[in-house]
Amino acid sequence: MLLRLRLTLRRRGKLNSRIINSTLGLNHVSSYVKHFGSLRKAYALIRYASPRDCDWIDTRELWVSEQARHASELAEVLRTDLGLQPELDLDGIGLDIRGERLVSFLVARRLAHRGADHGPQWKAYRRQISSGLLAVMRLDAANRAIEDYVLLPPSLRAGRYVWLSSDSLRRHRGALYAGKDALFGAIKAKFARTNHAALTRSVPLSKRTKPSRPKTNGSLGRRW
């Protein structure tokens, strides 16, 4: 593994995830992380110091498991409080009902600060998700812990990445929540309204009965 990695470095002059994954004969980045503990450790063994921060690659599995944990906990809340029966998707980061996506959990890492004139920015990989709510965990400046949560509407324009900042939050009509409980409460409230509306539409209107006139005796009473 290391010999081919060293040869690739000699030919290309640098290494990164894209080069490793696209070079014929090299293992996938995830294989190096699994075998050596991190990509940074694999680089160190061939005496290569990457100019890029490898922390995000090193902790990716941690955040994938965190996405799955959030999805599982929300599923239990929706089952218990609303009687819904959501199912985890194949990746474990989203909830579906009858094949329709309800919500997906994303992790947004904080980008390097660009100066005093620029506010903080986050970037989340959206994969191929094109429907349902997006519940985004925004990480802190060190990308080590969850700072807050953003809930984005299903109408958000599709794309591989979601870019977040103060301006984009307003533009996307997103909502900001300080903690997980507040996020779950907002999601539950949305689905409660949707579920109520669906039930209302499914109940047929009862036929209106016309008020009937009291029956009268058509025959005249006998006169005595």
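What follows is a walk through this predicted model, from its overall makeup to its core, its strands and one of its pockets. Local features are taken where pLDDT is at least 70 and side-chain atom pairs at pLDDT 80 or more, while totals for chains, interfaces and linings use all residues. Numbering starts from 1 along each chain as its sequence is written, and side-chain values use heavy atoms, with hydrogens and water left out.

Let's start with the overall count. The protein has eight helices and eight strands; these are DSSP runs, H or I of at least four residues for helices and E of at least two for strands, numbered from the N terminus. Of its 224 residues, 36% count as buried, where buried means under 20% relative accessible area, exposed means over 50%, and partly exposed is in between, with a 1.4 Å probe and protein chains only. Among contacts (heavy atoms within 4.5 Å) with a separation of 6 or more, 53% join residues 24 or more positions apart.

Now for the inside. In soluble globular proteins, nonpolar side chains tend to be buried together. Here the largest nonpolar core has 24 residues; such a core is a set of buried Ala, Val, Leu, Ile, Met, Phe, Trp, Tyr and Cys residues joined through side-chain atoms within 4.5 Å. Leu-74, Val-103, Phe-105, Leu-151, Leu-183 and Ile-187 touch the most other members. Helices H6 (60–82) and H8 (180–202) each supply at least two residues of this core, and so does each of the strands E2 (94–97), E3 (100–110), E5 (133–139) and E6 (146–152). Over in H6 sits His-70, which counts as buried because its relative accessibility is 1%. Beyond its neighbours within four places in sequence, His-70 is in contact with Phe-105, Met-137, Ile-146, Tyr-149, Lys-180 and Phe-184.

Seven of its seven residues are buried, so E5 is largely enclosed by the rest of the structure. Leu-133, Ala-135, Met-137 and Leu-139 point one way, and Leu-134, Val-136 and Arg-138 the other. What does E5 pair with? E5 runs parallel to E3, joined by six bridges, and pairs with E6 in the antiparallel sense, also over six bridges; two strands count as paired if DSSP finds at least two bridges between them. Phe-105 stands opposite Ala-135 in E5, while Leu-134 has Leu-152 in E6 as its bridge partner. E5 and E6 form a hairpin with six residues between them. In that loop is Asn-143, with a positive phi near 55 degrees in a residue other than glycine. Asn-143 is buried, because its relative accessible area is 16%.

E1 (residues 87–88) and E2 run antiparallel, joined by two bridges, with Leu-88 partnered by Leu-95. Five residues lie between these strands, and Gly-92 takes a positive phi near 80 degrees. E2 in turn is joined to E3 by four bridges, running antiparallel, with Ile-97 opposite Glu-100. In E2, Gly-94 and Asp-96 point one way and Leu-95 and Ile-97 the other, and all are buried. Two residues separate E2 and E3 in their hairpin, and Arg-98 in the turn has a positive phi of about 50 degrees. Is Arg-98 buried or exposed? It counts as exposed, because its relative accessibility is 82%.

Along with Leu-102, Phe-191 and Thr-194, they are the closest to its centre of the 16 lining residues. A pocket here is an open set of points on a 1 Å grid over the protein atoms alone, where a 1.4 Å probe fits and protein lies on both sides within 12 Å along at least five of seven lines; lining residues have an atom within 4 Å of a point. H8 gives the largest share of the lining, five residues.
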